[in-house]
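Q: I have a new model open and I'd like to learn how to read it. Can we start with charged pairs and work outwards from there?

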Amino acid sequence: LALRAAEAAAAWPPWPSRIALGLTIAAFVVLSGLYAAKALRHPQAVAEEWRNPVKLAFFPTMSISLLLIAPALPPEASGLARMVWVLGAAAQAGFFLAVLSNWVGHRPFQPLHVSPAWFFPAVGNMIAVIANTVMDVASGACSHSSKATSRVASVTPRKPPIAARPSRESSTSITRFSPSRM
């Protein structure tokens, strides 16, 4: 996405972002295939990862990857992008609920189980919304947003001139407490 934005801003040809996208998709397919092979050959290892409270949080990264690939697809492939997004969003919802129910369940957690990776499931939910918005903007589905923004700006009250604003010493302002006043 960043490369595509840079291409547009600098009037570059589209091939750098297309190459990066191709490499990204290839890496996703290879890693997903390897993990699927692991799940088929060693299901007990995957089940053990699912039971581990830290490793459990990494399962939604598969759906997050799909959610990030979808808006990176070229505008000509908007139908494919929408299908990839729907698949990623459905997988994300399933992983989020499964992970959350596993965490909320009856299993006791130790302080060593708490990890920054626990943000992955929640971040995936935000990425789903952001990716959908990026695809809508790219496809022109949000062309009405500029009209809505200008309409909101025209009815939003403007701040009064500086001279009409209450001073910091006014009784209507919030008093700040500093060591000298305490």
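A: Start with R51 and E48, which form a salt bridge whose closest N and O atoms are 3.2 Å apart. The term means a side-chain nitrogen of Lys or Arg within 4 Å of a carboxyl oxygen of Asp or Glu. Side chains of opposite charge can pair when their charged atoms come close. Before going on, note that this is a predicted model, where local features need pLDDT of at least 70, side-chain atom pairs count only at pLDDT 80 or more, and totals for chains, interfaces and linings use all residues. Residues are numbered from 1 along each chain as its sequence is written, and side-chain values use heavy atoms, with hydrogens and water left out.

Q: Where do R51 and E48 sit in the chain?

A: Both are in helix α3, three residues apart, which is about one turn of the helix. Helices are DSSP runs (H or I, at least four residues), strands are runs of E (at least two), and the numbering starts from the N terminus.

Q: Which residue forms a salt bridge with E76?

A: That's R18, with the closest N and O atoms 3.0 Å apart. This pair links distant parts of the chain, 58 residues apart: E76 is in the loop between α4 and α5, and R18 is in helix α2. E76 is exposed because its relative accessibility is 60%, and R18 is partly exposed at 41%.

Q: What about the nonpolar side chains?

A: In soluble globular proteins, nonpolar side chains tend to be buried together. A nonpolar core is a set of buried Ala, Val, Leu, Ile, Met, Phe, Trp, Tyr and Cys residues joined through side-chain atoms within 4.5 Å. In this model the largest one has 16 residues, and those with the most contacts inside it include L21, L73, W85 and M135. Helices α4 (61-72), α5 (78-104) and α6 each supply at least two of its residues. The largest share, six residues, comes from α4. Apart from this core lies another of seven residues, among them V46, L56, F95 and V99.

Q: Which residues does L73 touch?

A: Not counting residues up to four places away in sequence, L73 touches R4, L21, I25, L80, A81 and V84.

Q: Which residues form a nonpolar patch on the surface?

A: L1, F119, V123, M126, I130 and V134 form one, with about 560 Å² of accessible area together. Patches are made of residues with over 30% relative accessible area and no salt bridge; like charges are joined within 9 Å, and nonpolar side chains (Val, Leu, Ile, Met, Phe, Trp, Tyr) within 5 Å. Take V134: it is found in helix α6 (residues 120-139) and is partly exposed at 32%.

Q: And what should I take from backbone angles?

A: Have a look at A11, which has a positive phi of about 60 degrees although it is not a glycine. A11 lies in the loop between α1 (2-10) and α2, and it is exposed, with a relative accessible area of 69%.

Q: How many helices and strands does the protein have?

A: Seven helices and zero strands. Of its 182 residues, 22% count as buried.

Technical notes
Areas by Shrake-Rupley, 256 points an atom, 1.4 Å probe, with all protein chains shown as cover. Buried < 20%, exposed > 50% of the residue type's maximum accessible area, 1.4 Å probe, protein only. Contact = heavy atoms within 4.5 Å.
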